[in-house]
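Have the structure open while you read.

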Amino acid sequence: MLTILAAMMRSINTVNKAVGNIFAWLSVAVVLVCFAVVVERYFFSTTRLWMQDLYVWLNGVMFTAVAGFALFREDHVRVDIFYRPAAPKKKAIADLVGVCFFLFPFMFAVYFIGMPYVQRSWRLMENSANVGGMPGLYVLKTFILVFVALVALQGLAMAIRSILVLAKREDLIPQDFRYPTIAQATGKE
């Protein structure tokens, strides 16, 4: 049973790493489009509203798509006064409680509130509110659900990691997803 859970965890991590590494490149597109908008506006005294929409939308897609990857890498905000120096077993308990009582309910709330919003957008084939703006706002809004799915899946992977640590089966956890030792966490190696 634990080996099946470990395989699920590795699969989830692989998906979030792939999605994160692909969608992180949108940051380059955001900078390039924003630069083009600024050059157009200040040097040529013109603007294209669809381009102004584009860099904001790309930014939204990027941040919602890479959220699960950020959770995988532990790049999210954490008050780690107690967490960082804690032993792996205590981290596992904290993560399991956090995922089950905070992350999953929050993802359910975002899904529950976001789904009608996304469905309405698709039903209307919603476009930008700006005249001359980007078409296809419904695709952007769909990334709310992508966010929920990727973060919830990564939360599941974190819960599985916690279960494996508590079951003393850390050998089933890939090296890049293991809890750092106390010495590594405090930088006293």
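1. Helix 3 (residues 49–65) crosses helix 6 with a left-handed sense. Keep in mind that this is a predicted model. The packing angle for helix 3 and helix 6 is about 15°, and their axes lie 8 Å apart. An angle under 35 degrees counts as roughly parallel, and helix 3 and helix 6 are therefore roughly parallel to each other.

2. Now for the partner on the other end of the numbering. Helix 2 (residues 26–44) packs against helix 3 at about 160°, the axes being 9 Å apart. That makes helix 2 roughly antiparallel to helix 3, since the cut-off for that label is over 145 degrees. As for handedness, helix 2 passes helix 3 in a left-handed crossing.

3. What is the angle between helix 5 and helix 6? For helix 5 and helix 6 (residues 137–166) it is about 160°, with 8 Å between the axes. So helix 5 runs roughly antiparallel to helix 6. The crossing of helix 5 and helix 6 is left-handed. In the contact of helix 5 with helix 6, the residues divide into 28 nonpolar, five polar and four charged.

4. On to the pocket. The largest pocket holds about 190 Å³ of space. Which helix gives the largest share of its lining? Helix 5 (residues 88–124) does, with six residues. The lining of the largest pocket includes Ala94, Asp95, Gly98, Val99, Phe102 and Leu103. Also among the residues lining the largest pocket are Leu71, His76, Val77, Arg78, Tyr83 and Met158. By class, the lining of the largest pocket splits into eight nonpolar residues, two polar and two charged.

5. Last, the aromatics. The count of aromatic pairs comes to five. One of them is Phe69 with Phe72, a stacked pair with 6.4 Å from centre to centre and 15° between the planes. For scale, ring centres have to lie within 6.5 Å to pair, and planes under 30 degrees apart count as stacked. Phe69 and Phe72 sit three residues apart in helix 4 (residues 67–73), so about one helical turn separates them.

How values were computed
Residues numbered from 1 in each chain as written. Predicted model: local features only at pLDDT ≥ 70, side-chain atom pairs only at ≥ 80, totals over all residues. Heavy atoms only, no water. 1 Å grid on protein atoms, 1.4 Å probe; cavity = no way out; pocket = protein on both sides within 12 Å on 5 of 7 lines; lining within 4 Å. Points joined across faces, edges and corners; volume = space filled by probe spheres on them. Helix = DSSP H or I, 4+ residues; strand = E, 2+ residues; numbered from the N terminus. Nonpolar A, V, L, I, M, F, W, Y, C, P; charged D, E, K, R; others polar. Axes fitted to C-alpha atoms, helices over the stretch in contact; angles between N-to-C directions. Parallel < 35°, antiparallel > 145°, perpendicular 65-115°, else oblique. Left-handed = near helix turned anticlockwise from the far one by under 90°. Phe/Tyr/Trp six-rings, centres within 6.5 Å; stacked < 30°, edge-to-face > 60°.
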